[in-house]
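Visitor: Hi, could you walk me through this one?
Guide: Happy to, let's have it on screen.

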Amino acid sequence: MFPIVLAAVSAVAFGTADFSGGKASRRADPIAVTVVSQLLSVPLLLALVLVVPGTPHRLDLAWGLLGRGGRAAGVVLLYRALAGGMMAVVAPITAITAALVPIIAGLVTAHSPGTLALCGAGLAVLAIALVSLGEGGVSGAVSPRVVGMALGAGTLFGVFFALLGQADEDAGMWPVLAVRVSSIGFGLALAARSGVSLRLGPRVLGWAAAAGLLDSAANALYLAAASRGHLSIVAAIAALYPASTVLLALAVDRERLRPAQVAGLGFAAGALVLASL
C-alpha cells in the first residue's frame, strides 16, 4: 500500500511540475526555463541526499545517469512530434508507451504482482490515454514519421522510469542526484549551443522554481516507491501524472474538460483502488 501512495504522490508532483513548467515556457524560452528550474532544485536534492541515508554504488548512479539521458532525448523527440500539429495523436501515444515500457520491464525482471494489481495497471494505461487527449480531433492523415517520433519519445520516457526503478533501496537519493547532474549538464550544453540566455523575469522565475523543485521531489518519491514496490504497478501509477496537469488546467486556467478526459479521471481513481488491494 505504501509504495502505491508514494507513486500516486509522485504522479501529482510530476503533473504539477509539468503544469508549472508549461506556464513558465509561455513567457520565456523553454530551454532557459528547463535549465534554470533544474539549477534551482539542487539545494533540495542535496538536502535529500543528506537526510535520506544511502550509499552511492556505481551501478545505482549509472541507472540515474542513463535514465536521465533517455528522458532528455525523449523530450527532444516529443517536441519535434508536437511541432507536427498532431497533439491529439502524439500525446496519447507517448503517454501510453511511457507507461507500457516499465510495466513490461517489471513483469520480466520480477514476479507477477497479482491479478487485481495488473488490472489496476491496465486501467491506469487506459486512464492515461483518455486524460492525455487534447482539444480537437485529428484532421488529415497522420505521418508515419510523427507516429514514430511519438513512439520513440514514449519509449525513452518509459526507459527512464524502468532504469530509475532498478536502483537499490540502499542507494538512498543518490540516483536522483545523478539524474539532476546529468540533466543540468545536458541543458547547459544545449543552451550554449543555441545561444539562449538563462535570465528569467521574477514571475517566470517563480514558475520555473516550482517546476524544478516539484520535478525533483517527484523523482525522489518515484525512486522510493519503485525500490519498495513492484515496478510494473508503481510505474503505471506514477505515469498517471497527466491527470493532475489536467485538473490544474481546469482549476487555474479554467480550461474545459472533454468527456473522455472526465472518464479518464474516473479510470485513474479506479486504477489506484485496484493497485492498492
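Guide: One term before we start: buried means under 20% relative accessible area, exposed over 50%, and partly exposed in between, using a 1.4 Å probe and protein chains only. This is a predicted model, in which local features need pLDDT of at least 70, side-chain atom pairs count only at pLDDT 80 or more, and totals for chains, interfaces and linings use all residues. Residues are numbered from 1 along each chain as its sequence is written, and side-chain values use heavy atoms, with hydrogens and water left out.

Visitor: Thanks! So are Arg-180 and Asp-215 buried or exposed?
Guide: Arg-180 and Asp-215 are both buried. For Asp-215 the relative accessible area is 11%.

Visitor: What do their side chains do?
Guide: The side chains of Arg-180 and Asp-215 form a salt bridge, 2.8 Å from N to O. A salt bridge here is a side-chain nitrogen of Lys or Arg within 4 Å of a carboxyl oxygen of Asp or Glu. Arg-180 sits in helix H8 (residues 174–194) and Asp-215 in helix H9 (residues 202–228), so the pair ties together parts that are 35 residues apart in sequence. From C-alpha to C-alpha, Asp-215 and Arg-180 are 9.8 Å apart.

Visitor: How many salt bridges are there in the whole structure?
Guide: The search of the whole structure finds 1.

Visitor: What about Val-179, buried or exposed?
Guide: Val-179, in helix H8, counts as buried at 1% relative accessibility. Its C-alpha atom is 8.7 Å from that of Asn-219, which is 40 residues away along the chain.

Visitor: Stepping back, how many helices and strands does the chain have?
Guide: The protein chain has 12 helices and 0 strands. Those are DSSP runs, numbered from the N terminus: helices are H or I with at least four residues, strands are E with at least two. Of the chain's 277 residues, 46% count as buried.

Visitor: Why is H10 described as largely enclosed?
Guide: In helix H10 (residues 231–238), 8 of the 8 residues are buried, so the helix is largely enclosed by the rest of the structure. Among them are Leu-231, Ile-233 and Ile-237.

Visitor: New topic: what volume does the second largest pocket have?
Guide: The second largest pocket has about 190 Å³. Among its 13 lining residues, Val-12, Leu-240, Ala-243, Ala-268 and Leu-272 are the closest to the centre. On a 1 Å grid over the protein atoms alone, a pocket is an open set of points where a 1.4 Å probe fits, with protein on both sides within 12 Å along at least five of seven lines, and lining residues have an atom within 4 Å of a point.

Visitor: And which helix gives the most to that lining?
Guide: H12 does, with 4 residues. Helices H1 (2–25), H11 (242–252) and H12 (259–276) each supply at least two. The lining divides into 12 nonpolar residues, 1 polar and no charged.

Visitor: Which residues make the nonpolar patch on the surface?
Guide: Met-1, Phe-2, Val-5 and Val-9, with about 400 Å² of accessible area together. Patch residues have over 30% relative accessible area and no salt bridge, and nonpolar side chains (Val, Leu, Ile, Met, Phe, Trp, Tyr) are joined within 5 Å. Phe-2, in helix H1, is exposed at 52% relative accessible area.

Visitor: Last one: where is Leu-50?
Guide: Leu-50 is in helix H3 (residues 42–51), and counts as exposed at 74% relative accessibility.

Conventions. Points joined across faces, edges and corners; volume = space filled by probe spheres on them. Nonpolar A, V, L, I, M, F, W, Y, C, P; charged D, E, K, R; others polar. Patch = residues over 30% accessible without salt bridge, like charges linked within 9 Å, V, L, I, M, F, W, Y side chains within 5 Å. Areas by Shrake-Rupley, 256 points an atom, 1.4 Å probe, with all protein chains shown as cover.
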